[in-house]
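Hello,

Here is the structure I promised to pass on to you. Have a look at it first, and then read on for what turned up in it.

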Amino acid sequence: MGLIWFVTHADVVQDPDVPVPEWPLSTRGRARHEAFNASLVRRGITSIFCSREQKARDGAAIHGKALDLKPTVVAELGENDRRATGYLPPEDFEAAADAFFAQPDQSYRGWETARDAQARITNAIHACEAGAPDGSLLIVSHGGVGALLKAWVTGQPISRTLEAGVPGGGGCLALTRSSLTLERDWHPIDAD
């Protein structure tokens, strides 16, 4: 039946003057996604889905070109909604992310709650899986919701410890398509 390869976008160009959803992949991020293509060609990928955020669309476009597939943009695959605060300097963002995961049923300064983001990402994964042809799927999304997805799939409490732990992003995990169980845990896309 195939697998669902869930990929977090790799390194981005951070610009405080640009809305976070519009940040593109950096040169390094693009190179890491291109390196991942070598392993994707042998995985029977029949569909590519991505969030509408620029960095995820950039990654999906790189893979789509290599696999001759057109990515489908799915808004619900987006990162947790943080528009209420917009850009936060790295140290403030890390504290905010800690609070987001530590209190999953409470909004951090207007952010979407972790519990709501978890429901959204799991529903989106189910919808992508149900609507795709046979074979394996590639989903290019984000690290925060990736941790929430892993918590749901493995039946663990929501925790930041479930993030990919790959510096700069660019982590990948695999789920069995039929049962949405964890087939392969997080690993860097460019070390696959």
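Lys-150 touches Leu-162, Leu-173, Leu-182, Asp-185 and Trp-186, once neighbours within four places in sequence are set aside; contact here means heavy atoms within 4.5 Å. Lys-150 sits in helix H5, and helices (H or I, at least four residues) and strands (E, at least two) are DSSP runs, numbered from the N terminus. Is Lys-150 buried or exposed? Lys-150 counts as buried because its relative accessibility is 10%, where buried means under 20% relative accessible area, exposed over 50%, and partly exposed in between, with a 1.4 Å probe and protein chains only.

Before going further, please keep in mind that this is a predicted model, in which local features need pLDDT of at least 70, side-chain atom pairs count only at pLDDT 80 or more, and totals for chains, interfaces and linings use all residues. Residues are numbered from 1 along each chain as its sequence is written, and side-chain values use heavy atoms, with hydrogens and water left out.

Now to the sheet. It is open, has 6 strands in the order S3-S2-S4-S1-S5-S6, and its pairing is mixed; two strands pair if DSSP finds at least two bridges between them. Strands of a sheet pair through backbone hydrogen bonds, either parallel or antiparallel. S3 and strand S6 (182-188) are at the edges with a single partner strand each, so one side of each has no neighbour in the sheet. Helix H5 (residues 143-154) packs on this sheet and touches S1, S4, strand S5 (171-176) and S6. The direction of H5 makes about 155 degrees with that of S6, using axes that are lines fitted to C-alpha atoms (for helices over the stretch in contact) and angles that run from 0 to 180 degrees between N-to-C directions.

Going through the pairs, strand S1 (residues 3-8) runs parallel to S4, with 5 bridges, and Phe-6 is opposite Ile-139 in S4. S5 and S6 are antiparallel and joined by 4 bridges, with Cys-172 opposite His-187 in S6. The hairpin of S5 and S6 has 5 residues between the strands, and Leu-180 in this hairpin has a positive phi near 50 degrees.

Strand S2 (residues 45-50) deserves a paragraph of its own. Of its 6 residues, 5 are buried. S2 is parallel to strand S4 (residues 136-141), with 5 bridges between them, and Ile-45 has Ser-136 as its bridge partner in S4. S2 is also parallel to strand S3 (residues 72-73), through 2 bridges, and here Cys-50 is partnered by Val-73. Within S2 you will find Ser-47, which is buried because its relative accessible area is 9%. Not counting residues up to four places away in sequence, Ser-47 is in contact with Leu-69, Ala-132, Pro-133, Ser-136, Leu-137 and Leu-138.

Together, S2, H2 and S3 form a right-handed β-α-β unit; a crossover is right-handed if, with the strands pointing away from the viewer, the path from the first strand over the helix to the second runs clockwise.

The axes of helix H1 (residues 27-40) and helix H2 (residues 54-67) come within 9 Å and cross at roughly 35 degrees. On the H1 side, Arg-30, His-33, Glu-34, Phe-36, Asn-37 and Leu-40 take part, and they meet Asp-58, Gly-59, Ile-62, His-63, Ala-66 and Leu-67 in H2.

Two loops are worth a look as well. Most residues other than glycine have a negative phi, and most peptide bonds are trans. Asp-68, although not a glycine, has a positive phi of about 55 degrees. Asp-68 is in the loop between H2 and S3 and is exposed, with a relative accessible area of 70%. Arg-109 is not a glycine either, and its phi is positive at about 45 degrees. You will find Arg-109 in the loop between helix H3 (90-102) and helix H4 (114-131), where it counts as exposed at 53% relative accessibility.

Ala-102 counts as exposed, at 61% relative accessibility. Its C-alpha atom is separated by 10 Å from that of Thr-161, which is 59 residues away along the chain.
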